[in-house]
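Let's go through some of the terms used for this model and see what stands behind each one. Have a look at the structure first.

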Amino acid sequence: MTLQFKPDETFRKDFTYRNSDAGILRFPFPFPEDEYMYSVNIEPHVRGGPTAAFQAAFDVDEHYVAECRERALVLAEDPKRCQVLPHMELAQWDTLELIMESLAADYPDLFSLSKDGDLWTWVNKPLSIQQTFTFGKADTLPCPPFEYITRQAQGDFTLQDQREDNLYVDGGMVTTQADWSLEFDIGMSFHEWHGPVPLAHEKGVFDRALKYLLRLQYGQPVRRLNWTMTINPRLDTSPENYPVWGPDRTTITPENVAEKVHLRVELQTLFRLPRSNAILFGIRCYLASVAELSRVPKWRKRLHRVLRDLHPAIQEYKGLPRYRQMVIDTLAPFDDGAPLSKGIQSDLTAL
Amino acid sequence: MTAAPTLSVRIREIEPLGASLKRFALEPAHGGELPTPAPGAHILLTLRDGGRVMKNAYSLVSPAAARDRYEIIVRRVAQSRGGSAFLHQQAREGDVIDIGYPVNLFPLQAKARKHLLIGGGIGITPLLSHLHLLKARGLKFEMHQLCAPEEAGVFEALLAPYGEAGEILVHGTGRARFDLAGILARQPLGTHVYTCGPRTLMEAVATTASALGWPAGKIHKESFGENSGGLPFKAMLARSGIEVEVGETQSLLEAVEAAGIDAPCLCRGGACGECKVSVLEGEVEHRDDFLSAEEKASQGAIMLCVSRARGARLVLDL
């Protein structure tokens with residue numbers, strides 16, 4: 001498969017981001033059933049599955065080049081979006097090794113890594129980067145190793161240290177987030193950073209998820225999907241920039257709702273790292289407008305049912321109340337109520 | 001968790017270290033690199049002696065930077081279940097064996113200000129992989145190795161490469177003359193202690209440290225994984241009308257899948273609740289985090305992915 005990058009698309013101002021037909025069909029639609037409720041929906045991160053977004057350890061798609069540029073813009077405005085506490089230095093190198101080796105193995109026509117002992121050479125063709133450096137020596141790279149490699153990957157990443165039977169978010173590269181802040185959360189324990197999520201605590205979801213993650217083994221990564229909605233294809237919906245994107249929610253009308261409202265899906269992956277025993281948490285963000293998703297009959301019907309029946313506390317937490325009804329009204333005429341197949345697959349081979 | 005991926009390795013070198021110790025170097029059987037060995041990790045070796053299959057876990061002693069080979073040190077034990085005797089007597093250079101992916105239940109702690117390592121006998125092995133990293137990173141450490149007098153020379157030789165960076169002491173004079181409490185008492189705040197060796201030694205380290213006021217989170221013992229298998233049993237699937245045999249190192253879920261039954265599952269680690277199935281007969285050994293204490297006590301359901309039968313047979317509504 002040859003990827004056609006769209007290097008000039010934007011995630012701000014004129015918002016020229018769009019999905020190609022193939023891009024829509026590989027979208028990791030997050031609803032396997034007509035109803036949505038929080039659960040420990042974690043499964044092994046194995047290659048393959050209902051969407052092509054699961055084919056690689058770290059998915060690279062047509063938005064790669066533009067997304068890396070967007071990340072650089074956010075970091076230039078606010079360098080604190082990337083922070084790693086000092087005791088996580090080994091985890092930085094673990095991350096660099098894992099991402100470089102995975103990209104080189106999964107996309108040999110785009111990335112390569114060659115090693116001569118500790119002297120490594122990394123080639124990133126889409127971004128025109130060639131870098132020789134000494135593994136383990138931070139001053140041989142233009143910036144710290146975690147920042148270096150996560151500037152060249154789609155999605156956000158955090159680093160969790162494991163100690164005293166808990167996980168602590170002790171580092172991260174967070175520029176494409178759904179209204180949470182690394183600057184605020186850094187150093188927090190698992191239950192602290194999940195504190196704001198409604199309903200799931202009462203259901204014991206986080207207690208079970210933490211126990212499971214503490215046993216996560218090297219070589220056996222896991223994944224889950226999470227979702228929310230965003231107005232315009234904007235990657236940076238951070239609390240820091242709320243004044244920039246918050247008002248967007250008041251601009252939705254019945255005429256523009258399908259084009260402006262985007263389903264924002266996070267393909268979350270968790271990898272145990274070898275040297276540091278830390279956990280790398282990848283939060284890969286996918287955006288598709290309601291209009292794009294509506295081209296898949298199963299998805300438009302299911303999205304309608306999920307939004308229609310969504311628990312009020314979840315609507316509120318995800319910030320949907322201002323425009324949820326308009327999305328439902330747009331989708332309702334296309335939902336004949338017929339039963340849909342279980343699972344997230346599109347049930348189409350072409351658009 | 002799912003069964004870890006398996007790696008095929010060739011025994012590249014067997015080196016006798018002492019009367020009952022041998023070091024084995026294992027290289028990828030089909031070229032390429034092995035996964036980065038985590039400091040403190042162990043691997044499970046699958047050894048085949050005719051029709052007999054033995055599974056033994058050994059700590060990796062090679063450094064994290066070495067991906068061309070894994071090294072393990074194996075002691076020939078008098079009461080061997082077969083694995084160590086097989087490796088000492090029958091394994092040959094060039095033999096190909098299967099190993100599991102490295103599993104680390106004994107990692108170094110990133111926030112430790114100082115690392116205190118206490119090994120007993122062959123318990124030195126995971127500490128050797130810790131030492132590689134501690135020395136390479138210039139971290140503060142202190143190592144005490146207990147052993148029989150006749151083996152002091154072997155352990156001194158193994159530890160010699162790390163001697164300069166920190167304090168390393170080999171105690172070949174017996175436990176009675178080893179001042180464990182004194183060593184633990186004089187450590188600076190922020191020290192973490194790691195111990196591997198005979199159970200009595202590991203317990204002595206833990207109880208002595210606790211008595212001296214060490215927080216539990218700073219005391220680390222090697223513990224090989226306990227939840228990965230158990231005695232074989234049979235599961236009767238009432239709705240499907242078939243009976244499956246669940247092997248020692250296989251989960252009930254894996255056995256059901258191997259029989260061609262499409263069982264519900266998601267996390268495969270006892271957390272999500274997806275694979276909950278009603279139990280019609282038999283007693284369950286619950287290993288999951290999903291069922292409540294009351295549900296576990298009532299014996300009405302089992303999580304296929306991690307739990308097992310306590311007896312010879314279960315009947316499931318599946």
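**Helices, contacts and salt bridges**

The axes of helix 2 (residues 124-137) of chain B and helix 3 (residues 152-159) of chain B come within 11 Å and cross at roughly 20°. This is a predicted model, in which local features need pLDDT of at least 70 and side-chain atom pairs count only at pLDDT 80 or more, while totals for chains, interfaces and linings use all residues. Residues are numbered from 1 along each chain as its sequence is written, and side-chain values use heavy atoms, with hydrogens and water left out.

Q: Why are helix 2 of chain B and helix 3 of chain B called roughly parallel?
A: Angles under 35 degrees count as roughly parallel. The crossing is at roughly 20°, and therefore the two helices, helix 2 and helix 3 of chain B, are roughly parallel to each other.

Q: What makes the contact of helix 2 of chain B with helix 3 of chain B, and which residues take part?
A: Contact means heavy atoms within 4.5 Å. I124(B), L128(B) and L131(B) of helix 2 of chain B make it with F155(B), L158(B) and L159(B) of helix 3 of chain B. By class, this contact has 6 nonpolar, no polar and no charged residues.

Q: How do you know that E77(A) forms a salt bridge with R12(A)?
A: A salt bridge is a side-chain nitrogen of Lys or Arg within 4 Å of a carboxyl oxygen of Asp or Glu. In this pair the closest N and O atoms are 2.9 Å apart. The pair links distant parts of the chain, 65 residues apart: E77(A) lies in helix 2 (residues 64-77) of chain A and R12(A) in the segment before helix 1 (21-25) of chain A.

Q: What makes E33(B) and K115(A) a salt bridge?
A: Their side chains meet at 3.2 Å, N to O, and the limit is 4 Å. Between chain B and chain A the count is 5 salt bridges, and over all chains the structure holds 49.

Q: What area do chain B and chain A bury between them?
A: Buried area is the accessible area (1.4 Å probe) that two parts lose on being put together, summed over both. For chain B and chain A that is about 2,800 Å², 54% of it on carbon and sulfur atoms. Here 32 residues of chain B are in contact with 28 residues of chain A.

Terms used. Chains lettered and ligands numbered in written order. Axes fitted to C-alpha atoms, helices over the stretch in contact; angles between N-to-C directions. Helix = DSSP H or I, 4+ residues; strand = E, 2+ residues; numbered from the N terminus. Parallel < 35°, antiparallel > 145°, perpendicular 65-115°, else oblique. Nonpolar A, V, L, I, M, F, W, Y, C, P; charged D, E, K, R; others polar.
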